[in-house]
Amino acid sequence: MLRKFCSLLPRQLRSVNMRYFSSYEYLRVEKRGESGCVQLIQLHRPEALNALFEPLLLELGESLRVGEADESVAAFVLTGSERSFAAGADIKQMEDKTLQDCIKTQFLSNWDVLAKVKKPVIAAVNGYALGGGCEVAMMCDIIFAGEKAKFGQPEINLGTIPGAGGTQRLIRAVGKSLAMEMCLSGLPIDAKKALSFGLVSRVYPPDQVVGEAIKLGEKIAKQSKLIVSICKEAVNSAYELSLQEGLKCEKRLFYTTFGTDDRREGMKAFVEKRTPKFVEN
């Protein structure tokens with residue numbers, strides 16, 4: 001049974017031994033890396049190209065909460081299949097919603113669960129990352145893309161607009177002109193263009209992108225988890241604050257590191273020319 005299940009996974013997810021499997025219906029979750037320090041979350045709704053809907057997002061939130069509480073997990077990698085990272089929201093689930101429904105249920109309010117995670121999240125994107133799929137990728141801290149990846153906000157073709165951060169995060173990533181072009185035309189961009197505009201930081205062959213994301217997660221795992229979370233907070237503050245406010249926030253967080261054992265250990269190890277042994281304190 002295990003062998004049959006493994007045969008159904010994309011090639012890049014079969015490259016190393018699995019450490020554990022989840023019981024989720026719409027996700028495949030496992031620990032990866034030499035010490036199991038990276039939690040790999042694979043969106044698994046192949047019949048719908050990983051279209052996003054409430055049950056899947058609830059499972060995603062739960063898997064992230066479990067990983068946040070697991071001290072052995074230093075980073076997350078979020079991926080889909082080689083064909084599709086996530087091809088947007090499930091339109092069949094949205095078609096009959098009314099204005100009253102959206103307001104009453106606070107529709108899409110739980111989609112930002114990724115943006116609230118304290119540990120680093122790396123998106124490994126292959127295939128389609130459209131609509132909600134693009135928005136989910138942009139909620140991650142780092143995006144690696146396969147060479148055939150496509151990013152887009154095609155909601156305009158459906159008579160609506162992005163509702164989970166597409167108009168806000170995209171402009172911060174690629175600038176006003178390209179963000180407007182993508183949102184108003186619905187046309188996607190390829191991985192090469194996404195890299196040139198800063199939407200993604202690396203582009204790899206499709207069968208390597210997940211493995212490379214895991215390698216980065218392992219590299220991050222060698223740092224102090226405490227200092228990593230402080231650094232992530234400082235970088236993210238740039239999205240919310242003016243330059244002067246951001247600089248003040250950075251300085252406060254920088255000073256905070258001087259109250260930690262890991263800062264003392266890091267500098268001492270550098271002076272002594274040895275590898276630091278962080279204690280997360």
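Tutor: Glu62 has a relative accessibility of 35% and therefore counts as partly exposed, the class between buried (under 20% relative accessible area) and exposed (over 50%), computed with a 1.4 Å probe on protein chains only. The model is predicted, so local features need pLDDT of at least 70 and side-chain atom pairs count only at pLDDT 80 or more, whereas totals for chains, interfaces and linings use all residues. Residues are numbered from 1 along each chain as its sequence is written, and side-chain values use heavy atoms, with hydrogens and water left out.

The partner of Glu62 is Arg65, in a salt bridge whose closest N and O atoms are 3.4 Å apart; the term requires a side-chain nitrogen of Lys or Arg within 4 Å of a carboxyl oxygen of Asp or Glu. Because the two residues are three places apart in helix 2 (residues 54–69), about one helical turn separates them. Helices (H or I, at least four residues) and strands (E, at least two) are DSSP runs numbered from the N terminus.

Eleven salt bridges are found in the whole structure. One of them joins Asp112 to Lys116, with 3.8 Å between the closest N and O atoms. Here Asp112 is partly exposed at 26%, while Lys116 is exposed at 61%. Arg45, Glu47 and Asp90 are linked in a network of such bridges.

Lys232 and Asp141 form a further bridge, their closest N and O atoms being 2.8 Å apart. Since Lys232 belongs to helix 10 and Asp141 to the loop between helix 5 and strand 7, the pair ties together parts 91 residues apart in sequence. Lys232 is buried, at 12% relative accessibility; Asp141, at 31%, is partly exposed.

The largest pocket holds about 1,000 Å³ of space. Two or more lining residues come from each of helix 5 (132–139), strand 7 (142–146), helix 6 (166–174) and helix 10 (225–240), and helix 10 gives the largest share, ten residues.

On a 1 Å grid over the protein atoms alone, a pocket is an open set of points where a 1.4 Å probe fits, with protein on both sides within 12 Å along at least five of seven lines, and lining residues have an atom within 4 Å of a point. Points are joined across faces, edges and corners, and the volume is the space filled by probe spheres set on them.

The lining of the largest pocket comprises 18 nonpolar, five polar and eight charged residues. In this scheme Ala, Val, Leu, Ile, Met, Phe, Trp, Tyr, Cys and Pro are nonpolar, Asp, Glu, Lys and Arg are charged, and the others, Gly among them, are polar.

The second largest pocket has a volume of about 570 Å³. Its lining has 23 residues, with Ala89, Ile91, Met94, Glu155 and Leu158 nearest the centre. Helix 3 (91–94) and helix 5 are the elements that give two or more residues to this lining, which contains 14 nonpolar, five polar and four charged residues.

Helix 5 also contains Glu135. Glu135 is buried yet has no salt bridge, and Arg169, the nearest side chain of opposite charge, is 7.0 Å away; Lys and Arg count as positive and Asp and Glu as negative, with His and the chain ends not counted. Leaving aside residues up to four places away in sequence, Glu135 touches Gln153, Glu155, Pro162, Gly163, Ala164, Gly165 and Gly166, contact meaning heavy atoms within 4.5 Å.
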